[in-house]
Amino acid sequence: MNLKELLKSCKKDDINAQKELYDHYKEVLFILCLKYSRNREEAEDILHDSFMIIFTSINKYKGKGSFEGWMKRIVINTAISSFKKASNFNILLNEQITKEVLIEEDFIETIPLQEILIAVQQLPDRYRMVFNLYEMDGYSHKQISKMLDITIGTSKSNLNRAKTILKGSLQKWSVNSKNRSYGN
């Protein structure tokens, strides 16, 4: 079934079509959920909640723009809602912005993607959200400030702090990796 037919069937609450849609998109959306969560279980919850929203609001998709992009926005918004509800989601209200932290591309390319994902997942919620929205999904600080109900300065500050923590985590991994390979 092509996407147009699949969507038409999903809009009629056809369970087989919904399963086919889920099977087709679950992996790409799950990877997105992993970026915004602390662990696999949390990512699974976000994915589940996102598909519930997708299926209940599929009639709102009018065919303008990418359907996958529409679903990704739902996943991101679901993740944001989940973190806002969590009691440990405290946005750092420090607007003091330090010199921008840069992580060299050559350095990043030497680290396995799985290790980078683990490092991102270990970021405090407030930093992980801003980091993913800005660096991974291309939102501006202005957009992030509206999404998370924070100031633009706080968004920039949280991004810098996230990069500082990530750089430290990835450098530790790199040193430990070299030590393991040398038998130390």
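**Exercise 1. The start of a helix**

In this predicted model, S66 caps the N-terminal end of α4, with a side-chain oxygen 3.2 Å from the backbone nitrogen of E68. Determine how the reach of helix α4 compares with the span expected at 1.5 Å a residue.

*Solution.* 
Step 1. Helix α4 covers residues 67–85, which gives 19 residues.
Step 2. The expected span is 1.5 Å times one less than the number of residues, and for α4 the expected value is 27 Å.
Step 3. From its first C-alpha to its last, α4 reaches 27 Å, close to the expectation.

**Exercise 2. Burial along the helix**

Identify which residues of α4 are buried and what covers them.

*Solution.* 
Step 1. A residue counts as buried under 20% relative accessible area.
Step 2. The buried residues of α4 are F67, G69, W70, M71, I74, V75, I76, T78, A79, I80 and F83.

**Exercise 3. Aromatic pairs**

Classify the ring pair of Y61 and W70, then the ring pair of F67 and W70.

*Solution.* 
Step 1. A pair of aromatic rings is described by the distance of the centres and the angle of the planes.
Step 2. The whole structure holds 6 aromatic pairs. In one of them, Y61 and W70, the ring centres are 5.5 Å apart and the planes stand at 50°, so this pair is tilted.
Step 3. Y61 and W70 are both buried. For F67 and W70 the centres are 5.5 Å apart and the planes stand at 25°, so the pair is stacked.
Step 4. F67 and W70 are 3 residues apart within helix α4, about one turn of the helix.
Step 5. Ring pairs join Y25, Y61, F67 and W70 in a cluster.

**Exercise 4. Cysteines and a charge over a ring**

How many disulfides does a search of the whole structure find, and over which ring does the charged end of R126 sit?

*Solution.* 
Step 1. The search finds 0 disulfides.
Step 2. C10 counts as buried because its relative accessibility is 1%; C33 counts as buried because its relative accessibility is 1%.
Step 3. The charged end of R126 sits over the ring of Y127, 4.7 Å from the ring centre.

Key
Residues are numbered from 1 along each chain as its sequence is written. This is a predicted model: local features need pLDDT of at least 70, side-chain atom pairs count only at pLDDT 80 or more; totals for chains, interfaces and linings use all residues. Side-chain values use heavy atoms; hydrogens and water are left out. A disulfide is a pair of cysteine sulfur atoms within 2.5 Å. Buried means under 20% relative accessible area, exposed over 50%, partly exposed in between (1.4 Å probe, protein chains only). Helices (H or I, at least four residues) and strands (E, at least two) are DSSP runs, numbered from the N terminus. Contact means heavy atoms within 4.5 Å. A polar contact is a pair of N or O atoms within 3.5 Å; within protein, one must be able to donate a hydrogen and the other to accept it, and residues adjacent in sequence count only if both atoms are side-chain atoms. Rings of Phe, Tyr and Trp (its six-membered ring) pair if their centres lie within 6.5 Å; planes under 30 degrees apart count as stacked, over 60 as edge-to-face and the rest as tilted. A charge sits over a ring if NZ of Lys or CZ of Arg is within 6 Å of the ring centre and within 35 degrees of the ring normal.
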